[in-house]
Amino acid sequence: MRFVLDPEMTPELFEELLSCWAEVTNADGAVGFVPPVTPDDIRPTAEKAFARTRSAGGPQAPDSLLAGFDDDGVGAWLILGDNGSGLRAHWRWLLRVMVHPKHQGRGYGRALLLAADDAARSLGLEALQLTCRGGTGVDRFYASVGYREVGRVPRSIRVAPGDDRDEIYMLKWL
């Protein structure tokens, strides 16, 4: 997998990212939606998210897109999100961390997070923070690549009536 920080946002790339997002969601990935979804369900959120990236919004945009490409196109991606505070300019949020379901179990998630570390260092950052949905086990994966839990908000994510999950805050110093 080849990772590119802030690739040019062409209409084709946008559609590949959107398709990946829908497929990850429909494979029970915790990336902001509850399945089943179509790309059109996600499109308004995606347009707003990508407009904030340098890929689509230009060099003054606050966020960066990190995309992983294989022979078939987009295989993994995430957004390094600006936190909006000059006092916290030394770190970023990792947002929408996802690996296409056809690549699950191949080490692409680990490769994506290590590429995020490299991208963050190239931007002069010192730390990365993310949140994840409790009850999925993904927090153990993040811990395996150096993130540590720094907080938890019980039952803050409602997946369905009667299915409330913790939001887990994790941090990695680079």
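Is Phe14 buried or exposed? Phe14 is buried, with a relative accessible area of 12%; buried means under 20%, exposed over 50% and partly exposed in between, for a 1.4 Å probe and protein chains only.

## What you are looking at

This is a predicted model, in which local features need pLDDT of at least 70 and side-chain atom pairs count only at pLDDT 80 or more, while totals for chains, interfaces and linings use all residues. Residues are numbered from 1 along each chain as its sequence is written, and side-chain values use heavy atoms, with hydrogens and water left out.

An unreviewed UniProt entry lists residues 4–174 as "domain: N-acetyltransferase"; such annotations may be inferred rather than shown by experiment, and the positions follow the numbering used here, with feature names shortened. In the model, the end C-alpha atoms of that span lie 19 Å apart, and the span is 32% helix and 34% strand. Helices (H or I, at least four residues) and strands (E, at least two) are DSSP runs, numbered from the N terminus.

## Rings that meet

The whole structure holds nine aromatic pairs. Rings of Phe, Tyr and Trp (its six-membered ring) pair if their centres lie within 6.5 Å; planes under 30 degrees apart count as stacked, over 60 as edge-to-face and the rest as tilted. Take Phe14 and Phe50: their ring centres are 5.6 Å apart and their planes are at 85 degrees, so this pair is edge-to-face. It joins distant parts of the chain, with Phe14 in helix 1 (residues 11–26) and Phe50 in helix 2 (residues 39–51), 36 residues apart. Phe50 is buried too, with a relative accessible area of 1%.

Now try Trp93 and Tyr169, whose centres are 6.2 Å apart with planes at 65 degrees, so they also form an edge-to-face pair. Trp93 sits in strand 4 (residues 91–99) and Tyr169 in strand 7 (residues 163–173), 76 residues apart. Tyr169 is partly exposed, at 25% relative accessible area.

## The nonpolar core

Ring pairs also link Phe14, Trp21, Phe33, Phe50 and Trp77 into a cluster. Some of these names come back in the largest nonpolar core, which has 23 residues and where Leu17, Trp21, Ile42, Phe50 and Trp77 have the most contacts. A nonpolar core is a set of buried Ala, Val, Leu, Ile, Met, Phe, Trp, Tyr and Cys residues joined through side-chain atoms within 4.5 Å. Helix 1, helix 2, strand 2 (64–70) and strand 3 (73–81) each supply at least two residues, and helix 1 gives the largest share, eight residues. In soluble globular proteins, nonpolar side chains tend to be buried together.

## The largest pocket

The largest pocket holds about 920 Å³ of space. On a 1 Å grid over the protein atoms alone, a pocket is an open set of points with protein on both sides within 12 Å along at least five of seven lines, and lining residues have an atom within 4 Å of a point. Grid points are joined across faces, edges and corners, and the volume is the space filled by probe spheres set on them.

Of its 40 lining residues, Ala30, Val31, Val97, Val138 and Tyr142 lie nearest the centre. Strand 4 provides the largest share of the lining, seven residues.

Between helix 1 and helix 2, look for Pro36 in the loop; a cis peptide bond joins Pro35 and Pro36, with omega about 0 degrees. Asp28 is in the loop between helix 1 and helix 2, and has a positive phi of about 75 degrees although it is not a glycine. Asp28 is exposed, with 62% relative accessible area.

Notes
On a 1 Å grid over the protein atoms alone, a cavity is a set of points where a 1.4 Å probe fits but cannot get out, and a pocket is an open set with protein on both sides within 12 Å along at least five of seven lines; lining residues have an atom within 4 Å of a point.
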